[in-house]
Amino acid sequence: MSGSCYQGKNSIPHLTSEKLLIKGGRVVNDDQSLYADVYIEDGLIKQVGENLVVPGGVRVIEANGRMVIPGGIDVNTCLMKPYLGTYPVDDFLQGTKAALAGGTTMIIDHVTPQPGDSLLDAFEHWQEAADKRACCDYSLHVDIPQWNEAVKDELELLVQEKGINSFQVYMAYKDVYQMSDSELYEAFSFLKQLGAVVLVHAENGDLIAQEQRKILGMGITGPEGHPLSRPEELEAEAVFRAITLGNRVNCPVYITKVMSKSAADTITQAKRKGSVVFGEPITASLATDGSNYWSKNWAKAAAYVTSPPLSPDPTTPDHLHTLLACGDLQVVGSAHCTYSTSQKAIGKDDFTLIPEGINGVEERMGFVWDKAVAMGKMDENQFVAVTSTNAAKIFNLYPRKGRIAVGSDADVVIWDPDSIKTITAKLQQSASEYNIFEGLECRGGPVLVLSQGHVVYEEGKLQVQQGTGRFIPCKPFPDYAYQRIKFRNQVRGNQGVSRGMYDGPVYDVTPTPKYITPAPSAKTSPTSHQPPPVRNLHQSNFSLSGAQIDDNVPRRSGHRIVAPPGGRSNITSLG
Amino acid sequence: MSYQGKKNIPKITSDRLLIKGGRIVNDDQSFHADIYMEDGLIKQIGDNLIVPGGVKTIEAQGKMVIPGGIDIHTHFQMPYRGTTTVDDFAQGSKAALAGGTTMIVDHVIPEPGSSLVEAFDQWRQWADEKACCDYSLHVDVTHWNDSVKQELDSLIKDKGVNSFQVYMAYKDYYQMSNSELYEVFTFLAERGGIAQVHAENGEIIAEEQARMLQMGITGPEGHVLSRPEELEAEAVFRAITIASQTNCPLYVTRVMSKSAADIISQARKKGNVVFGEPITASLGTDGTHYWSKNWAKAASFVTSPPLSPDPTTPDYLNTLLSSGDLSVTGSAHCTFSVSQKAIGKDDFTQIPEGVNGVEERMALIWDKAVTTGKMDENMFVAVTSTNAAKILNLYPRKGRIAVGSDADLVIWDTDSIRTITAKTHNSAAEYNVFEGMELRGAPLVVICQGKIVLEDGNLHVTSGVGRFIPCSPFPDFAYKRVKARKQLAVLRAVPRGMYDGPVSEFSMSRGGTPSASARTSPTKQPVRNLHQSGFSLAGNPAPCGPPTPDDIPIRPAGRRIVVPPGGRSNITSLS
């Protein structure tokens, strides 16, 4: 698959050479910054260093001491997500153009099959569309709209043959995509075996359905009903539950679209306790807030509708940037999914029908720079980590993507930390009428963008050709997520206590049990499998200091343990 | 009603009692005063009381006189698969009185599908026949439908029940879905009931139980391994979220772990109306005994949520109880004989759940919290008696030494030391989960309904004298705040003109976020209040939030808002 569309590049205008030398730049990776030249040939970085020996006829780009960073990776876009028969206005062409203009050289799009659709068919449909239209490299997440046996085979195929290593499950959208806790447990267990990353849309769908009914019943039908029916504690609750499930199954959990302080705090606390969890704030939650849902302009208010909603708390963006800077949140996506106003107007009389989605793929890198680096929260290396490197690591694309190093793909951006632009829908690449960041000033932006070794953006001009984007397959078991999981697997393993058989009296139970905690599986006989006498408490999360006093004192059998007060019983020792 | 049977109590010569020279300890203050009681009520408090002749006088000699304890959580005479717990109302309330507890609140557990009122009447009958001290009842809601609503109405209005327990565990049996919980909480909030919740994630427990049994772990250690404390914490978190959405006071029964207690603590700091009830067992012992080689001993600790294997748990819970983050203490006294426990000898999921603790409750808290300096004597009274009376709306009849209050009081000996053992306890169970523990502090004299029931180490109880104490709805302790919030929590729609722009064609056949209710017309009321939706008040957006540029001034209708980059759309302004 990869490379199949790679040949079409020589028709890209303004490209005089496949060989490029970036001179005099400061190469910024997630771990260090150093002054070095970068030599690029055939879409790969061939040399990094000073005084490079390069062939003649090489195009030289003078970086003049500016930052040379790995191209951004936007881990969350929805460029083809159908909604009631309509599609987002930014397709793979328009969306990737916007991405490149913002310094993002790779996107990971969500394949969103409807319940009942084949995941495989949907995947192929998406891949075909992207191969034709995308102008930058891309990978795909596949969303699991419902859980059943048939899905399992498809998942296995997608992981093993199709290059998919991440799947999204939903805790919201009751009666459509939502999975129960039991289904989530099974899905997590299954995906863990495959070595995939579980992406979770975390909101409590049951409660949202109740709240939506209540709010519509009160006569609130406008976009303000959207955040009112989806308060942030429902997001935090679901995040907490998803992490609990992840802990039980021992599976990495990735929370898409972290929109509120309480959800982010829940992730932070879980990380403190050792959970393997990743949090993805998006451009919108990092740069704006939910107060616009109350705009008198319906179309504007509707433009902000996304789920989980933007928090009406205006201190949210700042808080999320702080957590991003300290590493509690790891990656930044955009959840770019734009609908025109006429599409949004499907929900003009009922906020629950407004198609959900906002822009952000173009603004993503700029806002992280403006609000985190320029504010002194984050350094340039962490900036590279959250906009590119961590994403590459989580989805097992590192170091091919997310790093400037010999052998890596030549997706490189020369970044100007001082350029200032005002965001407006008039000047954006996206086809949507509204830009939710309209009027915001943003410091920092790309001067020049290289994708696959070609200059695609220079001096504010895009030079792209549709169909040049390649599908980048992702392998399962990314080390960044799974190394810890593997070790934990080894130390987990519960052991039963080896005891003699209980031989005392047993109360005669009525054959049809009434009060029980029903076990789904058949009962096993107690002696058929005698586990070894050691035990390991690691899995159940409690402190290891909880050894019990009678560990080392095995009781002699036949010894009476307790004389019951009334002397009514005749229990024998079981040691 | 059963109040007349008292005259055959031995050794009581008079209805009139005088306690001289004691130090009265209420939850708010301690002071030296004499107490005169007549006809089961406290008639006078003060120095140099003028009392009729022939009064029996008890010399307290400076010892503490405290309101009798209220054990807010017991399961006496609980039916279980054709048998009942070994402590019936007589045995159980006798044990309670022996420990200084003069009132118990038992749980009525109707079979799913059966009538709540009938179950309530049945429990009333059992208790009226046998109880030796006053009692109230909680009713557990084990299924949910419209007829249950009517029964709840009648229980609240006519039967004197104000607290109802719902279950988040016991999948396919008692467990309720999030939507059902939402409806129950909404209903109880309207009627002034207290929502009690058994908080454990039943779906994950079912999966974990299946996994444990499959691994060959069938002993009692499987109980705690399949119910790790994070499942308790998860459910507590979820219950608090739902209660906050429905503005209903929440009461978490049986707080067994540090993480669950932490969640309650955090929620209280955020302003949630939530009460946590640790029990004698979680305050006094830990879950390491589940690994005992003695099956019968290990099984005697089986209760749900399980005791935490972390041995620092009791100390931690005592600290939170002292700081007021946890509010009341129960015992969840529910005792089975070893032969009854042995129903689950081959499968831990079949072990009947329950531990003892009604007799040890007060002394244990004194020993672990007061003598260690965590808590003062007034707080001791609050957590063992007063707070329970307030939650049940029985204050100041119960839970306080004041003129007009019931004459349930205890002369407390702060220094006596006892060793707990099944040989001498008043419960009929063969095992005591606190076996061998030395406890400082014990009741010296216990007075119940104005009669001496414990004196000089001798119990003089009469079965059947216990009265049912009806609890009225809307207890101030829980509902004052809720009522105030209810007034604030009115959501308003934003008044906007109708959207009159183009609407995309769409098909409702599949996908989307379907709304449960019918659509209603927009724009009703001009003001709004976000209090109910639970986000921080600091984040209160418009009208006081930042005005968005295009809100002011309101655009004239018919004016074009946005020129989309492609010029493809023709949106009109909607102001």
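Helices α2(B) and α3(B) are oblique to each other. This tour of a predicted model begins with that pair and then turns to the strands of chain B and a span of chain A.

Select residues 116-130 of chain B for helix α2, and residues 146-159 of chain B for helix α3. Their axes lie 9 Å apart and meet at an angle of about 40 degrees. Next, display the side chains at the contact. Helix α2(B) contributes B:L116, B:V117, B:F120 and B:D121, while helix α3(B) contributes B:V148, B:E151, B:L152, B:S154, B:L155 and B:K159. Sorted by class, the residues of this contact are six nonpolar, one polar and three charged.

Now select residues 17-25 of chain B, which form strand β1, together with residues 30-38 of chain B, which form strand β2. These two strands run antiparallel and are joined by seven bridges. To see one pairing, highlight B:L18, whose bridge partner in β2(B) is B:Y36.

The hairpin between β2(B) and β3(B) has two residues between the strands; in its turn, B:D39 shows a positive phi of about 50 degrees.

Finally, select residues 67-456 of chain A, listed by UniProt in an unreviewed entry as "domain: Amidohydrolase-related". The span is 39% helix and 18% strand, and its end C-alpha atoms lie 18 Å apart.

Key:
Residues are numbered from 1 along each chain as its sequence is written. Chains are lettered from A and ligands numbered from 1 in the order in which they are written. This is a predicted model: local features need pLDDT of at least 70, side-chain atom pairs count only at pLDDT 80 or more; totals for chains, interfaces and linings use all residues. Side-chain values use heavy atoms; hydrogens and water are left out. UniProt positions are given in the numbering used here, feature names are shortened, and annotations may be inferred rather than shown by experiment. Helices (H or I, at least four residues) and strands (E, at least two) are DSSP runs, numbered from the N terminus. Axes are lines fitted to C-alpha atoms, for helices over the stretch in contact, and angles run from 0 to 180 degrees between N-to-C directions. Angles under 35 degrees count as roughly parallel, over 145 as roughly antiparallel, 65 to 115 as roughly perpendicular and the rest as oblique. Contact means heavy atoms within 4.5 Å. Ala, Val, Leu, Ile, Met, Phe, Trp, Tyr, Cys and Pro count as nonpolar, Asp, Glu, Lys and Arg as charged, and the others, Gly among them, as polar. Two strands pair if DSSP finds at least two bridges between them.
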